[in-house]
Amino acid sequence: MKANRTFKTLLSLLWLPALALACQDKAASKPASKEWWQTAQFYQIYPRSFKDSNGDGIGDLNGITSELEYLKDLGVTAAWLSPIFKSPMVDFGYDISDFYDIQPEYGTLDDFRALIKRANELGIKIILDFVPNHSSDENVWFKKSVARERGYEDYYVWHDGRLNSSTGKREPPTNWNQYFRGTAWQWNEQRGQYYLHQFAVQQPDLNYRNPAVVEQMKRVLRYWLKEGVAGFRCDALPPLFEVQRDAQGQYPDEELTNAIEDVEDRAYLTTKYIENQPETVDMVYQWRQVLDDHQRIFGGDAGVLLIETYSPAWFTMQFYGNSSVNGAHLPFNFNFITVMEQGPLSASNVQLAIDLWLQNMPAGRTANWVLGNHDKRRAASRYGVEHIDAMNMLVMVLPGASVTYQGEELGMTDGWISWEDTVDPWGCNSDAQNYEHYTRDPERTPFHWSSGKNAGFSTGERTWLPLAADYETINVASEEAATHSHLKIYKSLVALRRSSTILQNGSVKYRAHTEEVFVVKRTLAGAGSIVYAANFGAAKVSVDLREFDKTLPSTLKLLIRSVGASKTEGQSYSVSHLELDAGEALLLATN
Ligand code: GLC
């Protein structure tokens, strides 16, 4: 009784319009007309940490090529690679010094072509990371801009700064903070001006109010499309444009959020003028045009745009496009990261995360579900290893595309990295006491192929980041050998998703049945239903799924179960007395 009251109170705190729709069947999009990306299984590779082919302790392209069979075996449709372009590696590839070349420690253009060729043979699409907001300060464009070379004067966001009337000294143009802590402006002695950098000081922001920059970056897209890539994951979209300068050429200061006391933190100030500008949305529509034109001219499958944004729904959803224009195919849905960070893992939090996407998504667009990436603590560490199967099942049972970050299929957890070994600029810009709050190194440790030397990642003496401590038990080889493992469950899920018309085209109904138990039902007329039930609580429960859906038959057949669940696949279980152990997750079917 008390638990029920608490659950109701919690639900009442949620966004109310969300509840109205949560229990209704939603019309499925028309069967048979889906494009490849609408039901795809995407897989993110962090190249530095996936597989090292030459023993230098750093992952590389030939390493990826040698493991494409693994992706094929997982059932992955498309892999997106974090940046592989030439870079001084201050932000591990997100600081690009040549957008048209490959980072030598990752390989050569020929290695890349070999990777694409092998991926094509295996039917796996390759998607590259497109980093439009900034370049490296070692990029020739920046050097030319510093020197005010003709055509490059306004390639970056330059400003004289402002004079402090009391001290008479020159100061940065605004109070804006970068993401990695501290001011977003850097004085350049040679040019005699400040430049804007929303990320590290070595990552100057490109100036999208300059048509030459817009055209150059479209050239980058066309160049890699010609090399055979299947689309782009577009990096860091919110800060692409800043607000227009006023008539005097000045930018406005941001206001205090009063949410945080650390003056160097980005969250210390609002980001009204430096994020989420309307011009950014329009730029994505222009990139979509580049991809569509490429397909029109050269044929082949559609190239996709995946958008990285942690912006609120009112902004994020615009990336999809509107009734007159197409935008990104899939703006990443990070709700399973961001919404669920706000509270403990619970069925109502899961419901909120789903509601916030499905109810804000424009009609006719495709949903997607992401559990993690190279910027966030690993899924198994955030949710708890005991819930990784439940979460992998959830993203694959919901309608639309799903995205896996390397290692989520194994239940890999974060590594622990000492201050001495910390290399991520966000961590390094902090200090020995506080770096763990900022650093992204723990989720970037090398992939676990086996329990052997360096987890089978590298034959070298050292790896660029130390391994996570649990590699001897959580790795591909041992999970392949086990009769039941996270990896095996993941593979069954992908296979089911690929073969099931219910999962591809069925309607969806879902609900936080109690505070602990979350239920999803997918139904397709003539094909039956698939039901997901997961217990996120710490105690065994018995639920009556007829309360969730009266039309369910008295029993359902078990298709897939989480590791440790004592039920048997193929057997039937009671719908009105479905027992779920703590952490247990099941996929069941009507026939
Ligand atoms: C994105 C990337 C992140 C990088 C930043 C700057 O958020 O995912 O890793 O540091 O952009 O490019």
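**Close-up views of a predicted model**

View 1. Buried here means under 20% relative accessible area, exposed means over 50%, and partly exposed lies in between, using a 1.4 Å probe and protein chains only. The buried residues of H13 include Ile388, Ala390, Met391, Leu394 and Val397. Helices (H or I, at least four residues) and strands (E, at least two) are DSSP runs, numbered from the N terminus. A word on the model itself: it is predicted, local features need pLDDT of at least 70, side-chain atom pairs count only at pLDDT 80 or more, and totals for chains, interfaces and linings use all residues. Residues are numbered from 1 along each chain as its sequence is written, and side-chain values use heavy atoms, with hydrogens and water left out.

**View 2. Helix H13 packs against helix H17.** H13 (residues 388-397) and H17 (residues 486-499) pack at an angle of about 10 degrees, and their axes are 10 Å apart. The axes are lines fitted to C-alpha atoms, for helices over the stretch in contact, and angles run from 0 to 180 degrees between N-to-C directions. From H13, Ile388, Asp389, Asn392, Met393, Val395 and Met396 meet His486, Ile489, Tyr490, Leu493, Val494 and Arg497 of H17; contact means heavy atoms within 4.5 Å. By class, this contact has 8 nonpolar, 2 polar and 2 charged residues. Ala, Val, Leu, Ile, Met, Phe, Trp, Tyr, Cys and Pro count as nonpolar, Asp, Glu, Lys and Arg as charged, and the others, Gly among them, as polar.

**View 3. Glutamate 443 sits in a loop and is buried.** Look for glutamate 443 in the loop between helix H15 (435-438) and helix H16 (476-481). Its relative accessible area is 0%. A polar atom of the glutamate 443 side chain lies 3.1 Å from the backbone nitrogen of lysine 376. Leaving aside neighbours within four places in sequence, the contacts of glutamate 443 include Asn373, His374, Arg377, Tyr405 and Asp414.

**View 4. Two residues other than glycine have positive phi.** Arginine 181 has phi near 85 degrees and lies in the loop between strand S8 (170-171) and strand S9 (185-188). Arginine 181 is buried, with a relative accessible area of 12%. Asparagine 454, with phi near 50 degrees, is found in the loop between H15 and H16. Asparagine 454 also counts as buried, at 12% relative accessibility.

**View 5. Glycine 249 and threonine 338 are partly exposed**. Glycine 249 is in the loop between strand S11 (231-234) and helix H8 (278-298), and has a relative accessible area of 22%. Histidine 159 is 90 residues from glycine 249 in sequence, and their C-alpha atoms are 8.5 Å apart in space. Threonine 338 belongs to helix H10 (residues 335-341) and has 23% relative accessibility. Its C-alpha atom is separated by 35 Å from that of tryptophan 141, 197 residues away along the chain.

How values were computed
Polar contact = N/O pair within 3.5 Å; in protein donor to acceptor, adjacent residues only side chain to side chain.
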